[in-house]
Amino acid sequence: MKSSSLSPSVEDYLKAVYSLNEGGGPASTNELARLLAVQPGSVSGMIRRMAEDGLLRHEPYRGVRLTEEGSREALKILRRHRIIESFLVQRLGYDWDDVHAEAERLEHAASERLIEAMADALGHPATDPHGAPIPTRAGRIDPTPTNRLDEVKPGSTVTVRSVADEDPVRLRYLKSVGLVPGAKAAVWKGGGEEGALTVTVEGGAGPLRIERNVASRVTVSTDP
Ligand SMILES: [Zn+2]
């Protein structure tokens, strides 16, 4: 199947399944419905068609996983999305909190020629403005494992790798406290299941209280 024959909604499903599979398990119908903001009933029909097209396969009672072909297509869309965001920030002066919605639209329309011209113009960046790795043209993506900030043990020093990019308010907040890709931070308190984290950002103002739902959308590597 050629990527040009995939509809925008199939492309959105591929991205959603890819991100849920990244957590290690299959993507359930309910998780997909929540992520795509659609009814579970419409998810079932779509995943049946995508399974028939060889893009994903069912694990009975658990959910779906992308096939190799499905992964390849998902990585192409992620490449388009992340290069568009990089171009908007680096070349057109957009802020990092202002590019995701634009990229969500353009990723379905941009030709491979345009994406590769943008990548050339940018010097083939390894990550997008939010720190997410950009898959290569050959479909490879940086496999370096990361942790969620809310799962780090108190007493750890971490480097921020990436931040989830879909919420502009959260992105503005994270920038205002210096929790941006490359920033180093010390985690003092992890709180309980419900609790907030206490974090100090290198070069930033005093200890910060970071809500757990915000910390869960920040990925970090733990420094030795
Ligand atoms: Zn985005």
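1. A donor here is an N, O or S atom within 2.8 Å of the metal (3.2 Å for Na, K and Ca), and water is not among the atoms, so sites may look incomplete.

2. Some ground rules for reading this note. The model is predicted: local features need pLDDT of at least 70, side-chain atom pairs count only at pLDDT 80 or more, and totals for chains, interfaces and linings use all residues. Residues are numbered from 1 along each chain as its sequence is written, and side-chain values use heavy atoms, with hydrogens and water left out.

3. The zinc site. Which residues coordinate the zinc ion? They are H81 through NE2, E85 through OE, H100 through ND1 and D165 through OD, at 1.8 to 2.1 Å. The angles that these four donor atoms subtend run from 92 to 143°, which makes the arrangement irregular. As a reference, the ideal angle for four tetrahedral donors is 109.5 degrees.

4. The zinc donors in sequence. Their spacing along the chain is H-x3-E-x14-H-x64-D. H81 lies in helix α4 (residues 68–92) and D165 in the loop between β4 (157–163) and α7 (168–176), so this pair ties together parts that are 84 residues apart in sequence. Helices (H or I, at least four residues) and strands (E, at least two) are DSSP runs, numbered from the N terminus.

5. Are H81 and D165 buried or exposed? H81 counts as buried, because its relative accessibility is 4%. D165, at 15%, counts as buried too. The cut-offs are under 20% relative accessible area for buried and over 50% for exposed, with partly exposed in between (1.4 Å probe, protein chains only).

6. Domains. The assignment for the protein chain gives domain 1 (3–66) and domain 2 (147–223); such bounds come from an automatic or database domain assignment. The C-alpha centres of domain 1 and domain 2 are 30 Å apart.

7. Helices α4 and α6. Helix α4, which carries H81, packs against helix α6 (residues 112–122) at an angle of about 45°, and their axes are 10 Å apart. Axes are lines fitted to C-alpha atoms, for helices over the stretch in contact, and angles run from 0 to 180 degrees between N-to-C directions. α4 and α6 are therefore oblique to each other; angles under 35 degrees count as roughly parallel, over 145 as roughly antiparallel, 65 to 115 as roughly perpendicular and the rest as oblique. The crossing of α4 and α6 is left-handed, meaning that the near helix is turned anticlockwise from the far one by less than a right angle, while clockwise makes a crossing right-handed.

8. Helices α1 and α2. Helix α1 (residues 8–22) and helix α2 (residues 29–36) cross at roughly 120°, and their axes come within 10 Å. This pair is therefore oblique, and its crossing is right-handed.

9. Positive phi values. Y61 is not a glycine, yet its phi is positive, at about 65°. Y61 sits in the loop between β1 (56–59) and β2 (63–66) and counts as exposed, at 89% relative accessibility. H124 is likewise not a glycine and has a positive phi of about 55°. The loop that holds H124 runs between α6 and β3 (147–148), and H124 is partly exposed, with a relative accessible area of 47%.

10. Two loop residues. D53, in the loop between α3 (40–52) and β1, is partly exposed at 43% relative accessible area. D53 and R34 are 19 residues apart in sequence, and their C-alpha atoms are 23 Å apart in space. P181 belongs to the loop between α7 and β5 (184–189) and is partly exposed at 31%. A132 is 49 residues from P181 along the chain, with 9.0 Å between the C-alpha atoms.

11. K189 is in strand β5 and is exposed, with a relative accessible area of 53%. K189 and Q39 are 150 residues apart in sequence and 39 Å apart in space, C-alpha to C-alpha. R212 is in helix α8 (residues 212–215) and counts as buried at 18% relative accessibility. The C-alpha atoms of R212 and L149 are separated by 8.6 Å, with the two residues 63 apart along the chain.

How values were computed. Four donors count as tetrahedral if all angles lie between 85 and 135 degrees; four count as square planar and six as octahedral if opposite donors are over 155 degrees apart and all others between 65 and 115; anything else is irregular.
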